[in-house]
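Reader: I am new to this structure. Could you show me how to read it, feature by feature?

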Amino acid sequence: MYEFEFVKPGSVADAVTALGEEDAQVLGGGQTLIPTLKQRLASPGKLVSLAGIAEMQGVSTDDAGRICVGGGTVHADVAANAGGYPALAGLAGNIGDPAVRARGTIGGSLANNDPSACYPAAALASGASIVTNAREIAADDYFQGMFTTALDEGEIITEVKFPVPEAANYQKFEQPASRFALVGVFVAKYADGVRVAVTGASQEGVFRWRAAEAALSADFSADAVPEAPAADGMISDLHGTAAYRAHLVAVLTRRAVAACG
Amino acid sequence: MPKDHGIGASPKRREDIRFLTGAGNYTDDINVNGQAYVHFLRSDVAHGRINAVNTGAAAAMPGVVRIFTGADFEGVGGLPCGWCVTDRHGEPMQEPAHPVLAQGKVRHVGDPIAAVVAETAEQARDAAEAIEVDIEELPAVVDMKAALADGSTKVHDDLTSNLCYDWGFVEENKDAVEQAMQDAAHVTTLELVNNRLIANPMEPRVAIGDYNRATDESTLYTTSQNPHVIRLLMGAFVLGIPEHKLRVIAPDVGGGFGTKIFHYGEEAFCTFAAKAINRPVKWTASRSEAFMSDAHGRDHVTRIELALDKDNNFTAVRTETYANMGAYLSTFAPSVPTWLHGTLMAGNYKTPVVYVNVKAVFTNTVPVDAYRGAGRPEATFQLERVIDKAARELGVDPIALRRQNFITEFPYATPVAVEYDTGDYHGTMDALEKIADLSGFEARRKESEARGKLRGLGVNCYIEACGIAPSNLVGQLGARAGLYESATVRVNATGGLVVMTGSHSHGQGHETSFPQVIAEMIGIDESMVEIVHGDTANTPMGMGTYGSRSLAVGGSAMVRATEKIINKAKKIAAHLMEAAEADIELKDGQFSVAGTDKSVAWGDVTLAAYVPHNYPLEDIEPGLEETAFYDPANFTYPSGAYCCEVELDPETGKVTIERFSAADDFGNIVNPMIVDGQVHGGIGQGIGQALLEGCVYDENGQLLSASYMDYAMPRADDVPFYNVDHSSQTPCTHNPLGVKGCGEAGAIGSPPSVVNAVIDALQSGGHDVTHIDMPVSPGRVWAAMQG
């Protein structure tokens, strides 16, 4: 990797200041950025690590009953401590391998918005609020396409608030090499309706499968899941065609609903 | 009662103490005082003409010692090819030049253009980025059939085409095979791909060149399976260094799987550059470099036809294969699709006539060469797949069809030029049927179906030619090397032994298994025997380890040398006991005089050899050290029968392996635990090939599967626990240990049964699918189910 400066501020405010400098780059758990640096595909002048910010750590419950995860919380901590939202804890506990879960953070995953990452599906299906140093962004407004989000330059995800559904389940079909989601479907049933978020499948990144949401809101059963969505706009690569991914969206949605019991 | 020492015992591997505790001495662990580091600037296009390489700015970068380009290697030899195949018309293959650094053109992504030597690896990499390369990109040739079409871009401008050779075997049988096809009651045809693989040893390649100006000696430390072969190829053909001025050391090597047999340009570069700058030069491949510079494996496109008579006897086999050579000929590349492949096309069956046609093709891809099994997996896969397809077409049991056609009398001369010395194919199939619990399959299938899954069972046999190889025979076939093996056995004064072997261990456990043989022969404890390998300075000229040859050939050399030791020791013992040499017996480390109670211990004799006060100096020399070279009379022919049971999720196409059983005949076995491990590892690689691994290029020659993000290696949860059985043993008749070799069997024997099982599962679910190419990924299965 190229040379860079490294700072590890102790507060969000200090991190924001540090990120104001030219060529500064935020570092979450580094599960994407460090390999990118090692491949010399990025050359930030300064890395601003969020790992030392205590106020961004941990899982709690707010007055509204939402599960609140600090932006710097690693997957292993969510898996262990988000028992109030079992589907979320289960998702976190099945990201990558133990080494990844010990370092990777929820804020890093959502900020990167990899089209095959797991967390975007949870956030979008849950209608989560993405809290930053500057504002609170609804998940529906946050995800704006592959590797694209509503975050401004230097904006830091400090917390993610998940309304807890009546029932939820995440089904991941793993790409055999990377074990990222070839397709992942998160189904969350709330009192006011069902939300279905799909990762891994679309060229536009995570998306809500509205047809399934409508059908499941009317009848929350696996049999109610519609036929597979159109393959147009789905990812096609050496691991699966667009048609295969579209097919898996429906299969995994059915399985997620069935698993909700 | 299993033995607790000697041949047939399973002592734990003594080398694992250092491997498992981080105390191994791998090439990258070696640092030579004053070493500089090299970074190779590699082509990012698959095919292009180099107009200019401007190193001016890069040379001024911090820490840069010197930058080398192809021009520095003008007048230096290219990388040699170790095997010349003669084509159907009696003409030698087309053999392109293979420069150490690209000259004029780049021919695959990863082809090295320039090399920067600097004080640190990072500085070398920084400077490499500053080299200005003007490359005119040319159309890339990736598909083999397109490469042979008229008007195709040529990978090598000075060759007549992209055809390396068009090989026919046995050419004289061509017409007879055609006649048999016409006369057949049934012909089954199958077109298939044997997928390109990347070997991925855990340790990437490393090379360190060192030059001693005072002695004019060069030393190369390298990750090699055969240091003497590297010394000969690099010294004689590339750099012009005689053997006595060149030492090659291959210390602990973290897995080879074939891809560390070959002589690579990076080795020659480090040796060359060390002399040029008078400093040691070190190179450690990144994993990304390994993907685009280690020789790949397999990559055949094949059409096979199997002819049967009305009684389902096999009457002929005909195959046509396109074999990818990549952009250059790697060291043994031409031999893999020919002599290591065509000679196995009779399989375990008494098919009277066989014709094999192989077209080897140059493409703008990484060179392809031997990978665990090398040619034999490709032969086994197509034959065992087409037999399964024939059984299905004819509505007969696939095991019964195989049994009906088994060779049962040995020795057996096949129609493809080899003679199987021993085997018992019914015996291994009997063993398989027991361990695979075939009778319980239907119940297991019903249980799977109750859960909405399809279950399939696939069986295959295999035969391989190992113990490579009789030198006079391979010489006739085009090998430019002998394939004997060597051993020096040095007995120390106090009775311990050091065996210097030409074999090389890169995970096989020779340091444990070889002493078991010597301990058995002398009747001493294994701990008295130490194995030395991997350094041309202290081992006799040997050919190294590949082709499941170490015990069969290297072990035989060791036995021969030990026999010489014992013969001499008996002479000494006879003198010490004032008895006739003919009356001396050796048992449990004691020399005794037959019919008396007189005896002397092994240690007394060895001491006498080095302190020859009471010694027959007029008849024999002091000391106890002997060398033997062993050249095998024939290949060995391990064989076996494998069974795979899969479960298939019809909704997603995902296949999981539920049971895997392997019954092998390896002849005599020295260490059953190590043999189990070799079989386990081989099956793991075979399952990897069958379900997961696929090296993929796009039409522009860009490597799409260029990292573990896209190249799927098998992981622990991808493979089941294996049932293995070695009880069927027909010892090899022509080597002193009666051993056949076990290193490649698992990789050769496992892919067909996996695919056969997948097809069986799909058919059981009413899906009319007759073939799916490997890797049998969920997406491919699902697509096949859609019709």
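Author: Start with burial. A residue is buried if 20 or more other C-beta atoms, placed from the backbone, lie within 10 Å of its own, exposed if 12 or fewer, and partly exposed in between. A nonpolar core is a set of buried Ala, Val, Leu, Ile, Met, Phe, Trp, Tyr and Cys residues joined through C-beta atoms within 7 Å. This is a predicted model: local features need pLDDT of at least 70, side-chain atom pairs count only at pLDDT 80 or more, and totals for chains, interfaces and linings use all residues. Residues are numbered from 1 along each chain as its sequence is written, and chains are lettered from A in the order in which they are written.

Reader: Which residues have the most contacts inside the largest nonpolar core?

Author: In soluble globular proteins, nonpolar side chains tend to be buried together. Here the largest core has 316 residues. Those with the most contacts inside it are A:Leu88, A:Val187, A:Val198, B:Val38, B:Val116 and B:Val758. Helix 15 of chain B gives the largest share, 12 residues. Helices (H or I, at least four residues) and strands (E, at least two) are DSSP runs, numbered from the N terminus.

Reader: What does A:Val198 touch?

Author: Contact means C-beta atoms, placed from the backbone, within 7 Å. Leaving out residues up to four places away in sequence, A:Val198 touches A:Ala121, A:Val183, A:Val185, A:Val206, A:Phe207, A:Trp209 and A:Val249.

Reader: How do I read a sheet?

Author: Strands of a sheet pair through backbone hydrogen bonds, either parallel or antiparallel. Two strands count as paired if DSSP finds at least two bridges between them. In chain B, an open sheet of three strands has the order 22-23-24, with antiparallel pairing. Its edge strands are strand 22 (584-587) and strand 24 (599-601) of chain B. Four bridges join strand 22 to strand 23 (residues 590-593) of chain B. There, B:Glu585 stands opposite B:Ser592. Helix 15 (residues 550-576) of chain B packs on this sheet, touching strand 22, strand 23 and strand 24 of chain B.

Reader: Which domains does chain A have?

Author: Domain bounds come from an automatic or database domain assignment. For chain A it gives domain 1 (5-49), domain 2 (54-162) and domain 3 (167-260). The contact between domain 2 and domain 3 of chain A takes 19 residues from domain 2 and 24 residues from domain 3. Helix 7 of chain A gives the most to the domain 2 side, with six residues.

Reader: How many residues does each chain give where chain B touches chain A?

Author: Chain B gives 15 residues and chain A gives 12 residues. Helix 19 (residues 778-786) of chain B gives the most to the chain B side, with three residues.

Notes: Contact = placed C-beta atoms within 7 Å. Axes fitted to C-alpha atoms, helices over the stretch in contact; angles between N-to-C directions.
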